[in-house]
Every structure is written in C-alpha cells, then in structure tokens.
There are 2 protein chains.
Amino acid sequence: MTDCSACTRSADASAALVERGVRVTALRTRVLDALHHAEKPLGAYELFDRLKADGAASAPPAVYRVLDFLEGQGLVHKLQSIAAYTACRASAAPHRAVFRICRACGGVREGTSPRLDDLAAEAEAEGFRVEHLVVETLGLCAACTPGRP
Amino acid sequence: MTDCSACTRSADASAALVERGVRVTALRTRVLDALHHAEKPLGAYELFDRLKADGAASAPPAVYRVLDFLEGQGLVHKLQSIAAYTACRASAAPHRAVFRICRACGGVREGTSPRLDDLAAEAEAEGFRVEHLVVETLGLCAACTPGRP
DNA sequence: TGCGACAGGATACATCGTAACCCCCACCCG
DNA sequence: CGGGTGGGGGTTACGATGTATCCTGTCGCA
C-alpha cells in the first residue's frame, strides 16, 4: 500500500463526512481509498474484487450500498456510460460535473462548466425539477488523438 | 396494431435510411416501430419481449445489434441513466440531444440546447475529440411536481 | 458459379445490480 | 443495568443488462 497524495484527498473526504455527522465506517473508508488510488474509474465488481482481496468486503450488495451512500454525499460519481465509479477530486460536497471519457485509454477527467448550470436552469424554467444532471463527453483524449506530437 | 401519427415518423426514418443506402430490414423496421409506438423508453429486454411476441426477434443479440445500428444512424437514443432506448422524434440524422427524465412517471422529453455545442466546443478546445455527448437531466417533470395545479 | 459482405439465428456466458432477510453493535433512554 | 432502536453490513439468491462466438441464409457481383 503506497503512500500518495490521493490519500490526503481521501482523508479530506472523510473529514467532510465527520463534519456532516454521518458515520465513517471501515468499509466506506476502504471504498473511498480504493477509488482514490485507482488511476481509472472502477466497475462495481472490479472494486468489489479488490476489497475482497483485502478482506474488506463480503458481497456485492455491501459495495453498492457504500457507493450509493458516497454518491449521495458527493464524494463519488457514477459514470453512466461506462458503468463505473470514480472518486471526486474536486469537491467534498454534492455538485454538478462534466466528464470526459477516453475510449482509447479509459482515462476520465472531471471538470466543470457554467453550461451545466445553464442546462439545469433551462429545465427548471420549463417546470422540470432538476435533481441530478448527467453530462458525459465520450471520445478521444488529447494523448490518444492520432496525428499529435 | 393501431394507426397513429408516430407511424409517419417511423416511415420518415426508414426513408432516411434508404437515402443513405443502408438496408431497411424487417427487424429494423419492427424495432423502430415498437419504439415509436411506446409511450415511454423501452429497456432492451422489454423491447425484445414485445418483438418476440410478434415473432419478430429470436434472441437478445439481434435486438442489441439493431439498436446499435439505429443509434449509429441517429434514429434511436440510448438513455444511459435508465438503460433504456427511445426513438428520436426530432431528426432523422445523428445529432446532440438533452433528455429530461422524470423519476415519477418515467416519461422522457428530448430537447436541444446551444449549451450542448458549447460543452462540445469546450472539450475540443482542450484537445479532446468529442464523438458523443450524453446529457440527461433527472428529476420531476412539471406534471409530477407536487404543489402544482 | 463462386465469392465476399452483411443481417440475423442460436447458444452460452459475462457483467451489473438488487430484493429479502438476518444479525451485530453503537447508542439512547429509563 | 436491561431493553429498545436504528443504521450498517453479511449472506443468499436472483433479476436485469449486455456480449462473444459460431453458424446460416441471402444478395450482389465478378
């Protein structure tokens, strides 16, 4: 288990949970750590396998419960188009985000944009009550685009 | 099998395929019709069940193949957050779209917005080659929002 | 007539997600 | 201290979603 800057982030996230008065359990910490250490988003079962190897998780439902919880807390995002989960590096609170998913290397970058709020506002203006916004950009990242230095 | 305005739309879509020089097969027509007649998006297996009842489809892979094809042609959209497919009512060509998905009634509205192109342009400006954009707004539609006439 | 390309049939399987039920344990309260 | 309570997680079993693989039929074309 290597030490890395991501650990700090993970600790920050845990601290946010404590402040909100919700429980920081061993399993939740493990899941968060695993996602922070992963270079890429992890599928639920991929995550499950890693946790099981560490003796930290027993069965899929446990993992899904934790993922749902962490997503509700804004610490984890689910990438719908690839059915994978990624730890949020930007903020420890629920927020809107846009993801760029490279189909070649599998890498994902989380970002933000005023367009997100614009889109939400457009929906609200038409009477739609926005609870969640999914914005995922699929394609090739700069490093994987052919004809490039 | 009732006659309805959606059939016209479905016919328009088929006409677009002919013009592109791709094949309009029985199965593809059936899938398109089924999606056009459905009031709500259909899951792949839900769609499969309907087609099988009509003797039109044999097994899941056939349905997925047709769905992939139609999506590539811009006639069908996949709603990632609910794993369902809907016929496009807007255009017979590939295009960007934003969806509003009501978690209460399950209804979906397809729309468009200049923000979609803005988001794509932002990504391109940073060297990301955009191939597909998924934008889904989840919440309550006007009719399902409480405290409303 | 033979060939290549494409659509679809058929089987089996992989992956993703959840329902239902139980138990444990921290915590609160009298 | 004894009992109640609720959240978190273990366990089993299953449902839903999506695919790999191989084979068959059909059509256009040289």
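Let me begin with the interface: 27 residues of chain A are in contact with 27 residues of chain B, contact meaning that the C-beta atoms, placed from the backbone, lie within 7 Å. This is a predicted model, in which local features need pLDDT of at least 70 and side-chain atom pairs count only at pLDDT 80 or more, while totals for chains, interfaces and linings use all residues. Residues are numbered from 1 along each chain as its sequence is written, and chains are lettered from A, ligands numbered from 1, in the order in which they are written.

On the side of chain A that touches chain B, the elements giving two or more residues are E3, H5 and E5 of chain A; helices (H or I, at least four residues) and strands (E, at least two) are DSSP runs numbered from the N terminus. The largest share, 12 residues, comes from E5(A).

How do the two E5 strands pair? E5(A) and E5(B) are antiparallel over 11 bridges, where pairing requires at least two DSSP bridges between two strands. Within this pair, A:Val134 has B:Glu136 as its bridge partner.

The open sheet of 6 strands is ordered E4(A)-E3(A)-E5(A)-E5(B)-E3(B)-E4(B), with mixed pairing. Its edge strands are E4 (108-111) of chain A and E4 (108-111) of chain B.

Finally, helix H5 (114-125) of chain A lies across E3 and E5 of both chains, at about 135° to E5(A); axes are lines fitted to C-alpha atoms, for helices over the stretch in contact, and angles run from 0 to 180 degrees between N-to-C directions.

How values were computed
Contact = placed C-beta atoms within 7 Å.
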